[in-house]
Amino acid sequence: MGQDHIRYDILAQDALRSVIRKVLSEVAATGHLPGDHHFFITFLTNMPGVRISQHLKSRYPEQMTIVVQHQFWELKVTESQFEIGLSFSDTPEKLVIPFNAVRGFYDPSVNFELEFDVASMEELQDAEVTAYPAPAENTDTSSEPKAPKPEGEDGDKKGGSVISLDSFRKKN
């Protein structure tokens with residue numbers, strides 16, 4: 001079998017994500033879900049661009065599933081992400097979720113389900129290529145653990161970056 005230079009797998013996942021984008025855009029425009037429709041959306045909480053409260057992040061450090069049904073507000077959908085207001089234990093929260101962080105979408109009212117291959121942050125960091133020299137050998141002999149180095153406001157470690165293939169794709 002030949003090598004897939006076109007990357008049909010990526011094109012297919014993008015097409016399926018556009019289904020979610022279209023559905024959420026229609027819900028945002030009307031302000032409610034039609035009929036008995038409701039959605040379970042699973043996403044990776046540690047992906048670049050995901051914004052959730054520290055409380056939710058500590059409770060769901062890797063993955064989280066939200067339910068979009070009766071009580072949601074301020075749903076905004078862009079080409080690359082959606083924002084939504086939801087309540088967790090009577091506490092209102094605003095979530096920002098990039099579509100490339102979505103791992104699953106399920107509408108149980110019609111038994112419609114989509115699953116995506118989403119690289120974890122660990123896989124993304126392993127794939128990251130840097131041109132930095134190797135760090136100098138640590139000559140500190142103290143046995144006290146070091147505090148982690150600060151991260152950028154968006155959660156990315158300073159000095160490296162992950163580039164999404166979406167930024168190179170032609171937008172219609």
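User: Is Ser89 buried or exposed?
Analyst: This is a predicted model in which local features need pLDDT of at least 70, side-chain atom pairs count only at pLDDT 80 or more, and totals for chains, interfaces and linings use all residues. Residues are numbered from 1 along each chain as its sequence is written, and side-chain values use heavy atoms, with hydrogens and water left out. A residue is buried under 20% relative accessible area, exposed over 50% and partly exposed in between (1.4 Å probe, protein chains only). Because its relative accessibility is 67%, Ser89 counts as exposed.

User: Where is the place of Ser89?
Analyst: Ser89 is not a glycine, yet it has a positive phi of about 50°. Most residues other than glycine have a negative phi. Elements are DSSP runs numbered from the N terminus, with helices (H or I) of at least four residues and strands (E) of at least two. The place of Ser89 is in the loop between β4 and β5.

User: What is the relative accessible area of Arg7?
Analyst: Arg7 is found in the segment before α1 and has a positive phi of about 65° although it is not a glycine. It is partly exposed, because its relative accessible area is 40%.

User: In the open sheet of three strands, what is the average twist from one strand to the next?
Analyst: The order of this sheet is β3-β4-β5 with antiparallel pairing, where two strands pair if DSSP finds at least two bridges between them. β3 (73-77) and β5 (91-98) stand at the edges with a single partner strand each, so one side of each is left without a neighbour in the sheet. Axes are lines fitted to C-alpha atoms, for helices over the stretch in contact, and angles run from 0 to 180 degrees between N-to-C directions. The twist from one strand to the next averages 20°.

User: Which residue in β4 is the bridge partner of Lys76?
Analyst: β3 and β4 (residues 81-88) run antiparallel and are joined by three bridges. Within β4, the bridge partner of Lys76 is Glu83.

User: At what angle to β3 does helix α1 run?
Analyst: Helix α1 covers residues 8-30 and lies across β3 and β4. Its direction relative to β3 is about 140°.

User: Which residues does Gln13 touch, not counting residues up to four places away in sequence?
Analyst: Gln13 is found in helix α1. Its relative accessibility is 17%, so it counts as buried. Contact means heavy atoms within 4.5 Å. Residues up to four places away in sequence aside, Gln13 touches Phe116 and Asp117.

User: Which strands are the edge strands of the open sheet that four strands form?
Analyst: The pairing in this sheet is antiparallel, and the order is β2-β1-β6-β7. Pairing on one side only marks the edge strands, β2 (63-68) and β7.

User: Which residue in β7 is the bridge partner of Phe105?
Analyst: β6 and β7 run antiparallel, and four bridges join them. The partner of Phe105 in β7 is Leu114.

User: What relative accessibility does Val110 have?
Analyst: Val110 lies in the loop between β6 (102-107) and β7 (112-115). Because its value lies in the intermediate class, Val110 counts as partly exposed, at a relative accessibility of 48%.

User: How many helices and strands does the chain have?
Analyst: From the N terminus on, the elements run α-β-α-β-β-β-β-β-β-α. The chain of 172 residues has 28% of them buried. Its elements comprise three helices and seven strands.
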